[in-house]
Amino acid sequence: MTQDFVVVNRAVYQIVTRYGVKHFRGQLTKCSCSKVRFDHPDVARLFSKYRFMKFGEQLKVYWSADCGCYHLTTAKREVWQWT
């Protein structure tokens, strides 16, 4: 069984289901490069899992040395099996 939540510095990020619809709960911020910024890789992986559960696309986590944070790759309508 996998966890659908991550706690980082007292902030809780989680995947919740309301009325059969998946939602991501947690504060997300935009980076200066216009992508979503993740300061912790576990939060990025959880958001990737959420995107797979809701939209059927898996985004890989990578470290951006230019931005100093984690980002997710852009999926061009590719459907993978979430791992």
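Is Asp-42 buried, exposed or partly exposed? With 32% relative accessibility, Asp-42 counts as partly exposed, and the tour will return to this residue once the overall layout is clear.

**The whole chain**

Start with the entire protein in a cartoon view, keeping in mind that this is a predicted model. The protein has 83 residues, of which 29% count as buried. Among the contacts between residues at least 6 apart in sequence, 46% join residues at least 24 apart.

**A nonpolar patch**

Next, select Phe-5, Val-7 and Val-12, which form a nonpolar patch on the surface and together have about 260 Å² of accessible area. Phe-5 belongs to strand S1, which covers residues 5–8, and Phe-5 counts as partly exposed because its relative accessibility is 38%.

**The helix and its charged pair**

Now select residues 41–55, which make up helix H1, and show the side chains of Arg-45 and Asp-42, which both lie in this helix, three residues apart, or about one turn. These two side chains meet in a salt bridge, with a distance of 2.4 Å from N to O. Arg-45 is partly exposed, with a relative accessible area of 43%, and Asp-42, the residue of the opening question, is also partly exposed, at 32%.

**Other salt bridges**

Side chains of opposite charge can pair when their charged atoms come close. The count for this structure comes to four salt bridges, and two further examples can be displayed here. Select Arg-37 and Asp-39 for one of them, in which the closest N and O atoms are 3.1 Å apart; Arg-37 is partly exposed, with a relative accessible area of 27%, whereas Asp-39 is exposed, with 60%. Then select Arg-51 and Glu-57, which form a salt bridge whose closest N and O atoms are 2.2 Å apart. In this pair Arg-51 is partly exposed, with a relative accessible area of 24%, while Glu-57 is buried, with 15%.

**A hairpin of two strands**

Move on to strand S6, residues 61–64, and strand S7, residues 69–72, which run antiparallel and are joined by four bridges. To see one pairing, show Trp-63 together with its bridge partner in S7, Tyr-70. The hairpin has four residues between its strands, and in it Gly-68 takes a positive phi near 75°.

**The cysteines**

For the last stop, show the cysteine sulfur atoms. How many disulfides does a search of the whole structure find? The search finds zero. Cys-33 is in no disulfide, and the nearest cysteine sulfur to its own, that of Cys-67, is 3.7 Å away. Cys-33 is partly exposed, with a relative accessible area of 32%. Finally, select Cys-69 and Cys-31: the sulfur of Cys-69 has its closest cysteine sulfur in Cys-31, at 4.1 Å, which is too far for a bond, because a disulfide requires the two sulfur atoms to be within 2.5 Å. Cys-69 is buried, with a relative accessible area of 0%.

Key: Residues are numbered from 1 along each chain as its sequence is written. This is a predicted model: local features need pLDDT of at least 70, side-chain atom pairs count only at pLDDT 80 or more; totals for chains, interfaces and linings use all residues. Side-chain values use heavy atoms; hydrogens and water are left out. Patches are made of residues with over 30% relative accessible area and no salt bridge: like charges are joined within 9 Å, nonpolar side chains (Val, Leu, Ile, Met, Phe, Trp, Tyr) within 5 Å. Accessible areas come from the Shrake-Rupley method with a 1.4 Å probe; for residues, only the protein chains shown count as cover. Buried means under 20% relative accessible area, exposed over 50%, partly exposed in between (1.4 Å probe, protein chains only). Two strands pair if DSSP finds at least two bridges between them. Contact means heavy atoms within 4.5 Å.
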